[in-house]
Amino acid sequence: MGVEAIDEVVEEAVGRRHRPDPVIGRTAGPAGNAQLTAWTGLLLLALAVVELVTLIDVHGLLSWHVVVGVLLAAVAALKIASTGWRFVRYYGRSRPYQQAGPPVLLLRVLGPFVVLGTVAVLTTGLWLIAVGPDSGRTALLTLLGQRIDLLSLHQASFIVFAVAAGLHLLARFVPAVVLATERGHRDDGRLRGRGPRIAVLVVALVAGALAAALILPAAAPWRDEQHGFPGGPPPGFHHR
């Protein structure tokens, strides 16, 4: 069983195995849902790469780190919603979704870790912005002689996210590209419901951008600390 499960993942990862997603209704049903999930997954990958670049100089690129992090949260929420919808429809005994079937076993096991890691790293990041540097470094508890604060929780959750999302990426990148660009099962060369799916993705990005604009000023204490002004900037100092 273990070898078979690994073989299933490998076959899907290299594009030799495809889930038969039915195309039904004006939004294309399971096939449309799969395409939306693929789009959000690829967009999350692009944003995650940018976020990783900001870690090279997180002090100098703090504003970018915050903005991209908030955009990541918005797109991640959409991806969780799209996969959650499929989960509900499948276990709710919707015939088209049951016909398509569930993900391969190992990806079903990995899925909760990807979701929990994503939620944890984004939630602790936004929480750090809200409470500021002093509270962010205040010990929440002591475990095995180690002080655990919010900043260390954010760093630990990032490690969980990076491992789980990295494994998920290895298994799903090729299928996501295929789903995002696939042009079968349609007469006009495009899968039905493309417009609404694009609209949902745009709404998520706009919502993320607006949220970032509102949240960014709250990161000022972290920027002040990086400039050497833990008690706040002197008069006349302006953030770039």
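**Exercise 1.** State which residues Leu 122 is in contact with, leaving aside its neighbours within four places in sequence.

*Solution.* Contact means heavy atoms within 4.5 Å. By this criterion, and apart from those neighbours, Leu 122 touches Gly 69, Leu 72, Ala 73 and Ala 76. The model is a predicted one, in which local features need pLDDT of at least 70, side-chain atom pairs count only at pLDDT 80 or more, and totals for chains, interfaces and linings use all residues. Residues are numbered from 1 along each chain as its sequence is written, and side-chain values use heavy atoms, with hydrogens and water left out.

**Exercise 2.** Identify the residues of the largest nonpolar core and the elements that give two or more residues to this core.

*Solution.* A nonpolar core is a set of buried (under 20% relative accessible area, 1.4 Å probe, protein chains only) Ala, Val, Leu, Ile, Met, Phe, Trp, Tyr and Cys residues joined through side-chain atoms within 4.5 Å. The largest such set holds ten residues: Leu 44, Leu 47, Val 68, Leu 71, Leu 72, Val 75, Ala 76, Val 121, Leu 122 and Phe 161. Two or more of these come from each of helix 2 (29-54), helix 3 (62-91) and helix 5 (105-136). Helix 3 supplies the largest share, five residues. A second, separate core has nine residues, among them Val 70, Leu 128, Ala 219 and Trp 222.

**Exercise 3.** Describe the order of the elements and the extent of burial in the protein.

*Solution.* Helices (H or I, at least four residues) and strands (E, at least two) are DSSP runs, numbered from the N terminus. The protein has eight helices and two strands, in the order α-α-α-α-α-β-β-α-α-α from the N terminus. Of its 240 residues, 35% are buried.

Conventions:
Buried means under 20% relative accessible area, exposed over 50%, partly exposed in between (1.4 Å probe, protein chains only).
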